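I set aside this page for what I looked up in the structure, going from the overall fold to its surface and then to its pocket.

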Amino acid sequence: MEASPLIVTQDAFKACFDESSGNIDTMKFVEACKDIAKIYDALFMGVVAGQLKGDIMNSSGTIEKAFLKHPEHGETLQGLLTTEMKRDGNKTVRANKASATIGILWSKRAIDFITTYVELLLTRADLTAPKCAQTTYE
């Protein structure tokens, strides 16, 4: 039997984190973000699933592209952010939608959304799925 998308994604995110250094491996993080798309397929249908999947795939793709430009400095998310800030400066990085910083920001938002949404689905029997989604956005 194939593991559920939730378990696969949970395991992928656990594999990103190096407890000894406190760092997050960039490419493992990118792959874990891509696994979120499978959760969207399991929970949502049609346009909603497509939009959410597109958001996480675009954000993780932005991180991956930034890593591939400078893999020697981007092995970890912290390294990627630090290199980008030193090279381009805060103002430029914040304005550049193709920066790793913006990709990480939007990926984190997507992760927070799906985590909160699933938590509400599991713990709030009094809420419908649409109400869980609305509450998540609030």
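**Fold and pocket**

I read along the sequence and noted the pattern α-β-β-α-α-α-α-α-α, that is, seven helices and two strands, where helices (H or I, at least four residues) and strands (E, at least two) are DSSP runs numbered from the N terminus. The model is predicted, so to speak of local features I need pLDDT of at least 70, and side-chain atom pairs count only at pLDDT 80 or more, while totals for chains, interfaces and linings use all residues. Residues are numbered from 1 along each chain as its sequence is written, and side-chain values use heavy atoms, with hydrogens and water left out.

I looked up the extent of the C-alpha trace, which spans about 50 × 35 × 25 Å along its principal axes. Of the 138 residues, 36% are buried (under 20% relative accessible area, with a 1.4 Å probe and protein chains only). Among contacts (heavy atoms within 4.5 Å) between residues at least 6 apart in sequence, 51% join residues at least 24 apart.

I then turned to the largest pocket, which holds about 340 Å³ of space. Of its 15 lining residues, Asp 55, Ser 59, Trp 106, Arg 109 and Ala 110 are the closest to its centre. I noted that α3 (46–69) and α6 (100–123) each supply at least two residues of that lining. For my own record, a pocket is an open set of points on a 1 Å grid over the protein atoms alone, where a 1.4 Å probe fits, with protein on both sides within 12 Å along at least five of seven lines, and lining residues have an atom within 4 Å of a point.

Conventions:
Buried < 20%, exposed > 50% of the residue type's maximum accessible area, 1.4 Å probe, protein only. Points joined across faces, edges and corners; volume = space filled by probe spheres on them.
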